[in-house]
Amino acid sequence: MTVEPTSPQAAADPADDYLRRRALRRGSAGWLLLTGLGVAYVVSGDYSGWNFGLAEGGFGGLAIAMVLMGAMYTCMVFALAELSSILPTAGGGYGFARRALGPWGGFLTGTAILIEYVLAPAAIVIFIGDYVESLGLFGLESGWPVYLACFVIFLGIHLWGVGEALRFSFVVTGIAVAALVVFALAALPHFDAATLDDIPVDTSAAGSNSWLPMGLLGIWAAFPFGMWFFLGVEGVPLAAEETREPSRTLPKAIVWSMGILVVLAVVTFVTAAGARGSAAVQEAGNPLVEALQPDGEATAWSRIVNYAGLAGLVASFFSLIYAGSRQLFALSRAGYLPRFLSLTSGRRAPYLGLLVPGAIGFGLAAGTGDGARMLNVAVFGATISYALMSLSHIVLRRREPDLARPYRTPGGVVTSSVALVLACAALVATFLVDVTAAFIALAVYVVALAYFGLYSRRHLVAKAPEEEFAALAAAEAELARD
């Protein structure tokens, strides 16, 4: 006699219940919101940080570094556009590497991305505090109360829901981008090409001249700062499971985001250096404001840009919190990290995936106050993930040539190979800029890999989307061999 279950709960598959308690809100974003998200990840880098590359390589060195890093990101996002159309899951880069390189490759990539997206908000919140203090807002000084307020307010918006969060990010990003246009128009009348190469030349450096005052090695040392114009744009695929028609929407948003960022990078870099001179802005905490104050006195335009710089920092801080939570959510849901971290609320927000990285970020910001060091650690993690994601594209093209690809990368593996080579060069360059930051990132990596090797690789969740994709691919390969 067949015994029928007495309730729907009894009939439910435990694996289905596991995923139900870890479901995101589907269809919350279209290509426009995702394009805004891609720009939001990065826009704070136009307002500060990049200018320190002038001290490493001069105008010419940073210009070449920006072009090379722009080429790396462009090639990489074309590869990511293809990969996201194949595997539209919240895992993003980790999911791509899991399919192409196996569990170890997936974990290596996901951990590198997580390092980037946990450390970057911690660094940016310190810069927000500095801006709040410099603007004299409410008489506040930079410190832990400001950092705590930022995390509480913006984590609260994320917990409210992804649609609300992305719309907030879109509005703040729009303000920051509009202010960059205002800056360029205000700086243009003061532009003087003769001041671009006014940094003193180190005559002992090989290949040095007025355009390369630190010589040829200065180009390489400027790589991490050239990245700041684009760092974070690769996070767009992390919104895959909350996107309408992800196989079509994600490629479009990724490509549009990169196009906008390239234009903003060129305009901001050239006008800021030319309006005041490279030497004047190379060590400024707010280089765009400095460029609009030739006599050191604040002007109406410099005040506008100063307030907009705060908006740009908020946009990047807010969106990077989103990216970090989705990467942590995906790794946890698949069992690579403790599973409880992927539980979602009634509003389908991964609340622990938001709160845990937020607590870590706040602790690092309040405990160290060293935003530059944390950004360098984030860059180290980012370059590792770029190399592995580019390699994933190459492997999948070679191993699964007949895989359905709604979007195909222009240039194919040649494009992703260029990204791979430049990412490896950028990884080595981080040791030229900040050896301590690089070894801190390596130490975190060693601890994470020990956890995976000793425990979590034996406790992966077969029903997680990334694992199902991998299992299906393995089954198809086995059938093909038979």
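1. A salt bridge here is a side-chain nitrogen of Lys or Arg within 4 Å of a carboxyl oxygen of Asp or Glu. The model is a predicted one, in which local features need pLDDT of at least 70 and side-chain atom pairs count only at pLDDT 80 or more, while totals for chains, interfaces and linings use all residues. Residues are numbered from 1 along each chain as its sequence is written, and side-chain values use heavy atoms, with hydrogens and water left out.

2. The structure contains seven salt bridges, one of which pairs E82 with R405, the closest N and O atoms lying 2.8 Å apart. This pair links distant parts of the chain, since E82 belongs to helix α5 and R405 to the loop between α16 and α17 (413-433), 323 residues apart; helices are DSSP runs (H or I, at least four residues) numbered from the N terminus.

3. E82 also forms a salt bridge with R397, again with closest N and O atoms 2.8 Å apart.

4. As to accessibility, E82 is buried (under 20% relative accessible area, with a 1.4 Å probe and protein chains only), its own value being 1%. R405 is buried as well, at 9%, and R397 is likewise buried.

5. A further salt bridge joins the side chains of E245 and R248 at 3.2 Å, N to O. Both partners are exposed (over 50%), E245 having a relative accessible area of 51% and R248 one of 55%.

Key
Helices (H or I, at least four residues) and strands (E, at least two) are DSSP runs, numbered from the N terminus.
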